Amino acid sequence: MKNTRKITKEKCYKGQYFSFDAIIATVIFVIALVSLLSYWNATKNSFELQSNELSQEAFRVSNVLLSPGYPANSVCSSQSQVGFGKSISDKVLMLSKIECVRSLASDTVKRSLSTGFGVSVYMDDKLVSGEDLATGAISSRYSNIERVRRVVSVLDDFYPASPFYNTANVSAIDIYVYR
């Protein structure tokens, strides 16, 4: 009888499904499945956000503002398309162009950006152009507001007396597009 028990006992261990290898494989599969689903969900949400007409216009306006404008080497008041960039190849923004746009009327900037929406531009939380959306009364007037934030390098070429003249600083530019 001892011999029979031993054979039966060996058969139980050989036929088990929940062995250590199967448990580890199941855990790896579940982790991979959860990772894939969360990545898919995040990608789907970003595609839904990008399909919005207002957010597409906000990205387009931010790209135009980071370009040198047209014509590139002219004063911003005479440009048909306003831009803050130094050149197409050099992605540094010029403080002199930002200050020049600050002096323009918001309707002039809106026309030069070729947009039918309202545009407000902030640099380091200071208004450059457009309506000041920081006040609650103004921001509640608009049904949709989209923001694009770009971290950029800004060359100080505007204040010669400044100790930071001809040095580049990191800044955040927020472009709000609203209707």
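Tutor: Let's start with a term: a residue is buried under 20% relative accessible area, exposed over 50% and partly exposed in between, using a 1.4 Å probe and protein chains only. Keep in mind that this is a predicted model, where local features need pLDDT of at least 70, side-chain atom pairs count only at pLDDT 80 or more, and totals for chains, interfaces and linings use all residues. Residues are numbered from 1 along each chain as its sequence is written, and side-chain values use heavy atoms, leaving out hydrogens and water.

Student: Which residues point each way from E2, and are they buried or exposed?

Tutor: Strands (E, at least two residues) and helices (H or I, at least four) are DSSP runs, numbered from the N terminus. From E2, Gly-118, Ser-120 and Tyr-122 point one way, while Val-119, Val-121 and Met-123 point the other way, and all are buried. Six of the six E2 residues are buried, so the strand is largely enclosed by the rest of the structure.

Student: How many aromatic pairs does the structure hold?

Tutor: Rings of Phe, Tyr and Trp (its six-membered ring) pair with centres within 6.5 Å; planes under 30 degrees apart are stacked, over 60 edge-to-face, the rest tilted. The structure holds one such pair: Tyr-122 and Tyr-176, edge-to-face at 5.5 Å centre to centre, with 80 degrees between the planes. Tyr-122 is in E2 and Tyr-176 in E5, 54 residues apart.
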